[in-house]
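Opening the notebook on a new model today. I'll jot down what I look up as I go.

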Amino acid sequence: MRRRTFLKALGACAAAAPGALWAMGPEEVSMVRPDLPEIPGVGRRPNVILVLCDDLGWGDLGLFWQNGRSGEPHIDTPNLDAAMRRGVMLTQAYTTAPVCAPARASMVTGKHQGHCNLRDNMFDRPIDAHMTLGTVMKRAGYATWHVGKWGIGGGYESGGVPRRAMACDAGFDYSYGYPAHAHGHSFYHWESANWRTSKTGSPLVENVSAAAYKDGRYAQLSAGAEGMAFEQDEEGTYWRRLVANAEVRYCYDTDLFTAKIKQLIKAHQEAGRSEPFFCYACYTTVHGSGSQNSQGDTTLASVENFHVPGRAYPALDEADTNWGGGVTWEKDDGGRLPFKEINADGGNTSNTYIHPDYQAYDSVSKRRYATNVRRLDDALGDLLNFLRVRGLEENTLFIFTSDNGPAGEYLSPAGITWVQNAFDSNGPFKGMKRWSYEGGLREPTFAVWPGVIPAADGETPRTCAFPFQFPAWMATLADVAGLPQPAHCDGVSLLPSLTGVGRQLPMRIYTEYSDGGSGQSFGFEQMVRDGDYVLIRNRGVGGTVELYDVAHDEGQTNDLSGAPEQAHRVRWMSDLLLTCRIPSAKVPASCGAISAHAQSPAALDDLPLPATPCAGRLPPWEVRLFLKGAADWPWVPNFRTLVPDVGFLADDASAMRARLPDAEAFGLSVRGWLEVEEDSEVLFSAEGAGGCQLWLHEAHVLEYEAGDCSEGRSISFSLAKGRHPFRLWLTSTQGGAGLCKVAAGSLTLA
């Protein structure tokens with residue numbers, strides 16, 4: 001296709017006011033940068049603990065829902081309630097997928113499911129580990145730890161994909177927990193004979209990155225421990241050891257992981273480490289656990305499914321400045337941890353304890369579910385108390401959330417009726433795990449950071465209703481660590497919402513998932529939120545859409561999709577279901593049900609991206625030039641969070657390049673439009689040095705940070721006739737000569 005027939009013009013649509021930019025004359029090289037409000041917490045580099053629970057519903061916590069329910073059964077969470085009163089409850093926090101693996105992949109990679117390489121419920125497929133929560137915090141100088149469930153590293157039971165993205169491949173110095181997805185389906189460790197390849201059993205594995213292993217900083221954690229000696233993994237990126245049965249068998253894993261986190265913090269302090277720590281704590285609570293056909297340990301004192309502890313939680317003791325009471329990592333003369341469910345006479349009590357408040361409930365599942373949630377509350381109360389007695393509370397950001405909505409398939413009776421009628425684990429919302437409705441996606445979330453995140457006075461906690469998804473945590477943690485928010489990330493920093501200071505940038509909320517067992521035959525599910533409205537489409541492109549105003553109809557009972565006054569909104573949001581995403585098959589190293597979208601009348605991945613309806617003359621490109629701090633950026637920053645030094649309009653790439661610095665480091669933001677004369681397949685490509693981030697509509701189509709694209713990258717999209725907005729962010733450390741070359745079809749963008 002010739003350039004003049006492919007493009008009529010470039011730049012911003014006439015409807016998008018070009019006056020929003022500063023038009024610079026040729027002689028102008030700089031401008032006065034306006035002051036930005038100082039947001040508390042930016043660059044403070046606190047310790048960070050990010051807790052991710054498993055299948056915990058929005059309605060399972062006291063202050064979110066349980067405290068307002070009358071009668072029984074109910075669940076009490078006094079420690080988590082007390083923590084919420086010291087911070088802020090985030091009442092419109094969304095996961096990125098209504099099921100485990102893709103939600104965790106999005107959390108770690110900072111990508112929503114339209115961009116993440118791991119989608120659907122693909123057990124044990126490797127995430128794209130080039131930029132993760134771990135690598136971002138490592139770049140900021142943090143000690144980085146993962147404790148608990150991982151399941152997004154590859155290998156094990158799902159097709160033998162190599163384990164190339166374990167936690168210590170993804171920026172973490174240290175990892176302790178279940179490497180495979182199904183290993184976390186038991187709350188009691190037991191060693192499998194073929195632990196490297198099998199899902200049978202729940203082996204615990206301790207990993208240390210190659211760098212951390214070399215300097216020996218974590219050697220004392222395993223001193224005297226039983227089991228396999230450390231061995232190097234096949235790729236040589238980390239060292240690992242199997243934690244043997246003799247070491248921790250019969251330790252309930254909620255207790256075990258809490259004790260491990262306390263041990264890590266204590267050892268970090270006592271070694272005099274100067275860097276802050278980041279702990280990604282992935283509890284298995286309250287996922288169903290214990291099937292004797294796979295993960296269940298037949299030697300437990302009780303083999304009832306849905307594992308519970310073996311005794312009451314150890315009492316806290318604020319006078320104990322070593323551990324604060326609770327669980328400890330001090331072994332007895334027999335080499336056993338004190339919370340191992342073995343009595344002095346050798347008797348086994350594992351999987352037998354029901355909290356006294358719940359012993360009268362009328363089913364095994366209710367008693368065990370409530371005990372699980374209460375045990376999590378006890379454990380996190382212990383951890384928060386430990387921070388106080390160690391003098392770390394004031395300098396620690398504590399974040400709590402869950403991976404997806406509540407589940408019913410493990411319980412008796414099973415299903416949505418159980419979820420709604422027993423504890424209302426989905427709160428006021430519709431749906432549950434594997435449903436892309438609010439009940440499957442809205443998560444109980446709060447954050448505490450004394451002195452930075454203000455708390456409300458009294459018993460009623462402060463709340464924040466800003467809607468966001470998991471990728472916001474990557475942007476937020478970069479912000480608090482003093483690094484620029486990565487353009488790689490689909491999220492925005494939440495510090496303005498958390499602190500109540502500054503302007504909160506909006507965030508796109510998007511979900512897709514190929515139904516893997518909802519019982520509703522949803523097929524390919526999609527959800528997008530825009531303002532107060534949520535649009536849902538099940539059963540792929542052949543399915544009908546549903547529109548809800550969730551600000552006024554949180555239970556999603558009134559479908560507005562057929563209302564004439566909503567026709568424009570339905571069209572716009574239906575287009576977003578196409579323009580917010582990259583087809584899974586086009587994502588490098590993709591792991592997902594690529595063919596699952598092939599439903600009549602056409603496969604979603606094959607549909608052309610719809611044009612944006614706008615008319616009138618298209619003005620030139622809007623260009624912003626960023627100079628301050630550019631030499632020190634570790635990646636392409638989110639330019640929406642920075643103030644440009646220069647703004648100008650350009651007719652084409654040549655005119656733009658003529659205005660760029662000769663040798664100075666800089667960043668560049670370009671906004672424009674492509675106008676396609678007819679439905680066409682268009683190739684987008686980038687090659688050379690510098691960093692490049694390119695969006696078409698809201699699809700993040702090209703991405704690399706700097707200097708790693710010598711052989712070029714490309715991706716093609718089918719575009720419908722009409723106008724298509726693009727946004728291009730570039731960085732260079734060598735002036736204009738160091739800028740990569742970017743093209744759309746025959747048109748040069750940079």
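I started in a loop: Pro413 sits between β10 and α9 (416-421), with helices (H or I, at least four residues) and strands (E, at least two) taken as DSSP runs numbered from the N terminus. The bond joining Ser412 to Pro413 is cis, with omega about -5°. I found another cis bond from Glu72 to Pro73, where omega is near 0°. Pro73 lies in the loop between β1 and α2 (78-85).

Ground rules before going on. My numbering runs from 1 along each chain as its sequence is written, and side-chain values use heavy atoms, with hydrogens and water left out. The model is predicted, so I keep in mind that local features need pLDDT of at least 70 and side-chain atom pairs count only at pLDDT 80 or more, while totals for chains, interfaces and linings use all residues.

**Overall build**

I counted up the secondary structure: 14 helices and 27 strands. How compact is the protein for its length? Its radius of gyration is 26 Å, close to the 27 Å of the globule rule for 750 residues, so the protein is as compact as a globular protein of that length. That radius is taken over C-alpha atoms, and the rule is 2.2 Å times the number of residues to the power 0.38. Along the principal axes, the C-alpha atoms fill a box of roughly 85 × 55 × 55 Å.

I get 63% of the 750 residues as buried, meaning under 20% relative accessible area; exposed is over 50%, and partly exposed is in between (1.4 Å probe, protein chains only). The accessible surface is about 26,000 Å², with 49% of it belonging to carbon and sulfur atoms; areas come from the Shrake-Rupley method with a 1.4 Å probe, and for residues only the protein chains shown count as cover.

For contacts (heavy atoms within 4.5 Å), I looked at those with a separation of 6 or more: 74% of them join residues 24 or more positions apart.

Charges next. There are 67 positive and 87 negative side chains, and the centres of the two sets are 3 Å apart. Lys and Arg are the positives, Asp and Glu the negatives, with His and the chain ends not counted; each charge is placed at NZ of Lys, CZ of Arg, CG of Asp or CD of Glu.

**Cores**

Which residues of the largest nonpolar core touch the most other members? Leu256, Ile265, Phe398 and Phe400 do, in a core of 81 residues. A core here is a set of buried Ala, Val, Leu, Ile, Met, Phe, Trp, Tyr and Cys residues joined through side-chain atoms within 4.5 Å. Helix α8 (residues 364-389) supplies the largest share of this core, 11 residues. I also noted a second, separate core of 67 residues, with Leu133, Phe278, Cys282 and Ala475 among them.

I then listed what Phe400 touches, leaving aside residues up to four places away in sequence. The partners include Val51, Cys53, Leu56, Leu376, Leu380, Pro444 and Phe446.

I checked α3 (residues 100-109): 10 of its 10 residues are buried, so the helix is largely enclosed by the rest of the structure. Arg104 is one of these buried residues, as are Ser106 and Thr109. The buried residues of α3 pack against β1 (47-53), α4 (133-139), β4 (143-149), β9 (277-282), β10 (396-402) and α11 (472-481). Just past the helix, Gly110 has a positive phi of about 75°.

I went to α11 next and found it mostly covered, with 10 of 10 residues buried, including Trp473 and Asp479.

**Positive phi without glycine**

Asp120 is a residue other than glycine with a positive phi, near 60°. Asp120 is in the loop between α3 and α4 and is buried at 5% relative accessible area. Asp124, in the loop between α3 and α4, has its positive phi near 55°. Is Asp124 buried or exposed? I have it as buried, at 0% relative accessibility.

**Two spot checks**

Gly224 lies in the loop between α5 (210-215) and β7 (231-232). It counts as exposed, at 76% relative accessibility. From Gly224 to Ser209, 15 residues apart along the chain, I get 20 Å between C-alpha atoms.

Glu622 belongs to strand β18 (residues 621-626) and is buried, with a relative accessible area of 4%. Glu622 and Leu694 are 72 residues apart in sequence, and their C-alpha atoms are 15 Å apart.
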